[in-house]
Amino acid sequence: MRIHSFFDALGQGLKNIRRNKMFSFASICTIAACIFLLGMFYAIVVNVQHIVQNVEEQVGITTFFDEGITDEEIENLKAAIEANDIVESVTYISAEEAWENYKAEYFASAPELAEGYADDNPLADSASFEIYLNDISYQEEFVEYLEGLDGIRQVNASATSAEFLTEFGQIVGYVSAAIIAILLGVGIFLISNTVMIGISVRRDEIHIMKLVGATDSYVRAPFLIEGVVIGMLGALPALLIVYVLYGRVTNYILAQFEGVTTLLTMLPVSQIFKVLIPMALLIGAGIGYVGSRITLHKHLQV
């Protein structure tokens, strides 16, 4: 399409919006509502995924060594485990560190009770690796791998936590896909109705244009632009409302759950909107374009 034709189609598309003010306004409001729900749902989903990831990073696997293992063998084991792509970190905890940690946790209120073990570490054979994975869904396979390594006598891992986190992440993904599909369908339906009204109003004008030699693309272009503009206009107020609400809601949640802020960490608004702004504008334009195309195909035989 030539530049002159594009601006002419743009002018016609904007004129269509002004001509059908009530229906255009209703479509913009409905698209705004759809994109607002999409935006809030996106913010919820990414924050839930972020929280689940934080929890996953704190679900560790503890491995204990065979008696008599040498420092060199421990270093070789550590290097082999770290070479695995799903391993986030490997921390070596000596028997002395294990005893100090145990005393700090269980003898904090009565440290004198631990003095009887001053020359006899009850955890002498408890040196271990504390391993964290970057994807908890691979924990079961990784535990089997660890149990097959020479020099490791025992592997402790919480299968229940791993299974719950994996299933929870899958459920969030399925629910988000279903809701997004429904909202997109509603938006496309509303845009289709608005463009159909525009076609009905301009049917005689379109017929005259065809008689004087107007091309199909020239006739269709204003309606496509109308749908895209309505979709993008609907995205703007939705983004503004989501921006205001997100900041207030996250501040409220963090204030209510101060005691678990190490786990309940919310993504900053800048990180959310870095993705949400282009996504909302593209979705709005896409809903408008698809809705217009469907209507043109059904009701405008040119």
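Guide: Let us begin with contact, which means that heavy atoms lie within 4.5 Å. The model is predicted, so that local features need pLDDT of at least 70 and side-chain atom pairs count only at pLDDT 80 or more, while totals for chains, interfaces and linings use all residues. Residues are numbered from 1 along each chain as its sequence is written, and side-chain values use heavy atoms, with hydrogens and water left out.

Visitor: Which residues does threonine 63 touch, beyond those up to four places away in sequence?

Guide: Threonine 63 touches Ala127, Ser128, Phe129, Ile131, Leu146, Ile152, Gln154 and Val155. The place of threonine 63 is in strand E1, residues 60–65, where helices (DSSP H or I, at least four residues) and strands (E, at least two) are numbered from the N terminus. Glutamate 147 is 84 residues from threonine 63 in sequence, with 8.8 Å between their C-alpha atoms.

Visitor: Why is threonine 63 called buried?

Guide: The word buried means under 20% relative accessible area, exposed means over 50%, and partly exposed covers what lies in between, with a 1.4 Å probe and protein chains only. Threonine 63 has a relative accessible area of 0%, and therefore counts as buried.

Visitor: What makes phenylalanine 64 buried?

Guide: Phenylalanine 64, which is also placed in strand E1, has a relative accessible area of 16%, so it falls under the limit and is buried. Leaving out residues up to four places away in sequence, phenylalanine 64 touches Ser126, Ala127, Ser128, Gly151, Ile152, Arg153, Gln154 and Asn156. Of these, alanine 127 is 63 residues away in sequence, yet 6.3 Å away in space, C-alpha to C-alpha.

Visitor: Why does serine 128 count as buried?

Guide: Its relative accessibility is 5%, and serine 128 therefore belongs with the buried residues. Serine 128 lies in strand E3, residues 128–133, and, with residues up to four places away not counted, it touches Thr62, Thr63, Phe64, Phe65, Thr91, Tyr92 and Ile93.

Visitor: Is valine 228 buried or partly exposed, and why?

Guide: Valine 228 has a relative accessibility of 22%, which is not under the limit for buried and not over the one for exposed, so it counts as partly exposed. Valine 228 has its place in helix H8, residues 216–256, and is in contact with Ala285, Gly288 and Tyr289 once neighbours within four places in sequence are set aside. Leucine 282 is 54 residues from valine 228 in sequence and 9.4 Å from it in space, C-alpha to C-alpha.

Visitor: How do you know that lysine 78 forms a salt bridge?

Guide: A salt bridge needs a side-chain nitrogen of Lys or Arg within 4 Å of a carboxyl oxygen of Asp or Glu. In the pair lysine 78 and glutamate 82 the closest N and O atoms are 2.9 Å apart, so this is a salt bridge. The structure holds one salt bridge, and both partners lie in helix H3, residues 71–82, four residues apart, about one turn of the helix. Glutamate 82 has a relative accessibility of 40% and therefore counts as partly exposed.

Visitor: What forms the nonpolar patch on the surface?

Guide: Ile171, Val175 and Ile179 form it, with about 230 Å² of accessible area together (Shrake-Rupley method, 1.4 Å probe). Nonpolar side chains are joined into a patch within 5 Å, if the residues have over 30% relative accessible area and no salt bridge. Valine 175, in helix H6, residues 159–201, has a relative accessible area of 39%, so it passes that limit and is partly exposed.

Visitor: How many cavities of 30 Å³ or more does the structure hold?

Guide: There is one cavity of 30 Å³ or more, a cavity being a set of points on a 1 Å grid where a 1.4 Å probe fits but cannot get out, with lining residues that have an atom within 4 Å of a point. The largest cavity holds about 30 Å³ of space, and Ile35, Leu38, Gly39, Leu276, Met279, Ala280 and Ile283 line it. Helix H2 (21–57) and helix H9 (269–299) each supply at least two residues of this lining, and H9 gives the largest share, four residues.

Visitor: What does the secondary structure of the protein chain come to?

Guide: It comes to nine helices and four strands, and 38% of the 302 residues count as buried.

Terms used:
Patch = residues over 30% accessible without salt bridge, like charges linked within 9 Å, V, L, I, M, F, W, Y side chains within 5 Å. 1 Å grid on protein atoms, 1.4 Å probe; cavity = no way out; pocket = protein on both sides within 12 Å on 5 of 7 lines; lining within 4 Å. Points joined across faces, edges and corners; volume = space filled by probe spheres on them.
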